[in-house]
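Here is a short briefing on one protein model. Look at the structure first, then read the points below.

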Amino acid sequence: MSFRRFTCQRCHQPLKQTQPTDTLGLDASPEPTAWSLPSAHWEPGETPEEGSISWVETDTEKLQHGSSGRTDPGDGGVSGPSSRIFTLLGKLGSGRTLHNIQTSIQGTFDILSGERDVDQPLCQICTDNLLEHLDTQLRTSESDSQAYKRYLETRERVDEAEREALQEELKAAELEEARLVRELEEVEKNRDRAAAALEAAQAETALLERQERQDQRDYSRLRWQRLDLFDELGSAENQLRYAQAQLAWLEQTNPLRSAFEIRDDGPLASINNFRLGCLPAVPVGWGEINAAWGQAALLLLALSRKVGLRFRRFRLLPCGDRSRLQRLSKNSVELPLFVHQGRSGPSYSEFDRAMLAFLDCMQQFKKEAEKGEEPGVCMPCRMHAREGLIEEPGAGRDCYSIRTDSNTEERWSKALKLVLTNFKRSVDWVSLRYCRK
């Protein structure tokens, strides 16, 4: 024998029947078997405590075959596990008539369409909780009803003047409400305008921020350029100071003295470290002597150009140790200012004539330098170009020949030393008169 089993729809606890049912499907017995189930119904989304509870006592609840469970293929009975979820559709008659079938179908349709609540079985504890909740709601509703009744009784006792005063207060409140509504609308408009102004200000702020960042980048770039320009300016100032120092040094420097260093304090005079002359105790080769004559010729040419002198009888051709003097005549004879001890070299007589011509050019320079209002060059040693003699300054006033013919090395070297002494004074005079201007 199998039993139908029910569970509470709230706590899902199994429900105990008040009386077992022995019928399967629809019971054809005319005597209904009475048994009670607590049923509850609530709206969707509500809890069982909030819904309304109704007790339905049914006579001989007949269950439809499809609702009570599945029929066992063997004996047509209802299986136990299939009847755990059970929906009670309502009262069923003792017979399966057309009216009962139509009523069941209509009830099912109403349940599915939501027009009818479904009675769900509940346990005793859940039912008691719901009843307590409903009692509380009932007491609240009765209290509200009494309050409404007292209000209606009080309203009936209010006189006409008080009612009119309340009406006036109501109208005033309505006017105040309308005014507040208008103010609210104005505030909403002001808020919209303020929001638009705020948006415009934010856009302007963003634009200004972008412009500020761009200005900051430009400022940084310009500052970097300024630092570069300061560096360049400092470098230019350093270069200027260096150039000024060099200029001051060059202004104080005598170019002729720097280019032609003459020494006459030893036994032999020298120009640019080339000794001019020779002594038995101090032998000097002709190569050095020829180079010294070349430096002397170059110095005389430089001095003559400085004072604007053009020689009348000879032309200087300085060329190192192969310097010459060219006679300004039709045949243009060149006189060698050097000695070459070879078979094809110039003779001593030609060398002597070249030294005489050189002394003549020095005499022309002295006369040109003595012209003008300013004092001329002061050469301490007087020169006699025709005789080829040069006079030593002092008390004795000895004269020395510049020729090598019929002369000793000592006297010839002394004459050459006096020539370089005159050159030294001439360089000082030209530097003082022309180079400082």
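Glu 391 counts as buried because its relative accessibility is 9%; buried means under 20% relative accessible area, exposed over 50%, and partly exposed in between, with a 1.4 Å probe and protein chains only. This is a predicted model, in which local features need pLDDT of at least 70 and side-chain atom pairs count only at pLDDT 80 or more, while totals for chains, interfaces and linings use all residues. Residues are numbered from 1 along each chain as its sequence is written, and side-chain values use heavy atoms, leaving out hydrogens and water.

**Around Glu 391**
- Strand E13 (residues 389-391) contains Glu 391; strands (E, at least two residues) and helices (H or I, at least four) are DSSP runs, numbered from the N terminus.
- Leaving aside neighbours within four places in sequence, Glu 391 is in contact (heavy atoms within 4.5 Å) with residues including Cys 381, Arg 397 and Leu 418.

**Nonpolar cores**
- A nonpolar core is a set of buried Ala, Val, Leu, Ile, Met, Phe, Trp, Tyr and Cys residues joined through side-chain atoms within 4.5 Å.
- The largest has 57 residues, and Trp 293, Leu 300, Phe 358 and Phe 423 have the most contacts inside it.
- Among the elements that each supply at least two residues of this core are helix H6 (286-307) and helix H8 (409-435).
- Apart from this core lies another of 7 residues, among them Phe 6 and Leu 130.
- Not counting residues up to four places away in sequence, Phe 423 touches residues including Ile 262, Leu 303 and Met 362.

**Leu 233**
- Leu 233 is located in helix H4 (residues 160-252).
- Leu 233 counts as partly exposed because its relative accessibility is 42%.
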